[in-house]
Structures are given as structure tokens and as C-alpha cells.
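Dear colleague,

Please find below the structure that I am handing over to you. My notes on what was found in it follow directly after.

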Amino acid sequence: MVSRRERYGWVVVMAVLMALAIPWFLWGDSRMAYGLPLWLWWHIGWMVLASVAFWGFANRAWGIGITEPLFGEERT
């Protein structure tokens, strides 16, 4: 079981991962890095970051909102 503070932290992590998953600010940018478009490097890096976040979530807080209440609600 994780603390309420950690639960809110995981909500923030999820929201940031979702909000920045698509690099809107790189649309129309034609810069290249090491032979690949910059937006593709963003995607590769973001997938690595998302994998690390998911690994941490799976090890620390798996089941929040599923096997235990999300924020103290009563389960029926």
C-alpha cells in the first residue's frame, strides 16, 4: 500500500507523460540529428522515459485504484 502523497505523485507522472508524449512544439521542425529527424529522437527518448516510469509504477504502486481504493473511497 502506498501513501496518499505517492498516489498523487503517480497521477502527476501519468499526466506529464500523456501531455508531452506528442511533441507538438516540434511539428514542422525540419532539424536533423545523427541522420534522423529531431521529433523522432524526442519519441525515442520519451519511450525510454515512459518505460522507466512504468517500471517504477509496476514495482511501487501496481494496483492503485484497482486492488485498493484510489483516494480513500469505500469499496463495495
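The lining of the largest pocket is made up, by class, of 11 nonpolar residues and one charged residue, with no polar residue. Please bear in mind throughout that this is a predicted model. The volume of the largest pocket is about 230 Å³. Its lining counts 12 residues, and those that lie nearest the centre of the pocket are Trp10, Val11, Val13, Met14 and Phe57. Two helices, H1 (4-19) and H2 (38-60), each supply at least two residues of this lining. Helix H1 gives the largest share, namely six residues. In general terms, rolling a probe the size of a water molecule over the atoms shows where empty space is left.

Overall architecture

The protein has two helices and two strands, and these follow one another along the sequence in the pattern α-β-β-α. The chain has 76 residues, of which 18% count as buried. The accessible surface amounts to about 6,100 Å², and carbon and sulfur atoms account for 70% of that area. As for contacts between residues at least 6 apart in sequence, 57% of them join residues at least 24 apart.

Salt bridges

How many salt bridges does a search of the whole structure find? The search returns two. As a general point, side chains of opposite charge can pair when their charged atoms come close.

One of the two is formed by Glu6 and Arg60, whose closest N and O atoms are 2.6 Å apart. Glu6 belongs to helix H1 and Arg60 to helix H2, so this pair ties together parts that are 54 residues apart in sequence. Are the two partners buried or exposed? Glu6 counts as buried, because its relative accessibility of 17% falls under the 20% cut-off. Arg60, in contrast, is exposed, with a relative accessible area of 53%.

A salt bridge also joins the side chains of Arg31 and Asp29, with an N to O distance of 2.6 Å. Asp29 is partly exposed, its relative accessible area being 23%.

Residues in the helices

Arg7 is a further residue of helix H1, and at 8% relative accessibility it counts as buried. The C-alpha atom of Arg7 is 7.9 Å from that of Ala61, although the two residues are 54 positions apart in sequence.

In helix H2 we find His43, which is partly exposed with a relative accessible area of 36%. His43 and Ala21 are 22 residues apart along the chain, and their C-alpha atoms are separated by 7.4 Å.

The strands and the loop between them

Strand E1 covers residues 32-33 and includes Met32. Met32 counts as exposed, at 55% relative accessibility. Leaving aside residues up to four places away in sequence, Met32 touches Pro37 and Leu38.

Which residue has a positive phi although it is not a glycine? This is Tyr34, with a phi of about 55°. By way of background, most residues other than glycine have a negative phi. Tyr34 sits in the loop between E1 and strand E2 (36-37). The side of the matter that concerns the surface is plain: Tyr34 is exposed, with a relative accessible area of 82%.

To draw the main points together: the largest pocket has a lining with 11 nonpolar residues and one charged residue, to which both H1 and H2 contribute. The salt bridge of Glu6 with Arg60 links these two helices. Tyr34, in the loop between the two strands E1 and E2, carries the positive phi.

With kind regards

Definitions and conventions:
Residues numbered from 1 in each chain as written. Predicted model: local features only at pLDDT ≥ 70, side-chain atom pairs only at ≥ 80, totals over all residues. Heavy atoms only, no water. 1 Å grid on protein atoms, 1.4 Å probe; cavity = no way out; pocket = protein on both sides within 12 Å on 5 of 7 lines; lining within 4 Å. Points joined across faces, edges and corners; volume = space filled by probe spheres on them. Helix = DSSP H or I, 4+ residues; strand = E, 2+ residues; numbered from the N terminus. Nonpolar A, V, L, I, M, F, W, Y, C, P; charged D, E, K, R; others polar. Buried < 20%, exposed > 50% of the residue type's maximum accessible area, 1.4 Å probe, protein only. Contact = heavy atoms within 4.5 Å. Areas by Shrake-Rupley, 256 points an atom, 1.4 Å probe, with all protein chains shown as cover. Salt bridge = Lys/Arg side-chain N within 4 Å of Asp/Glu carboxyl O.
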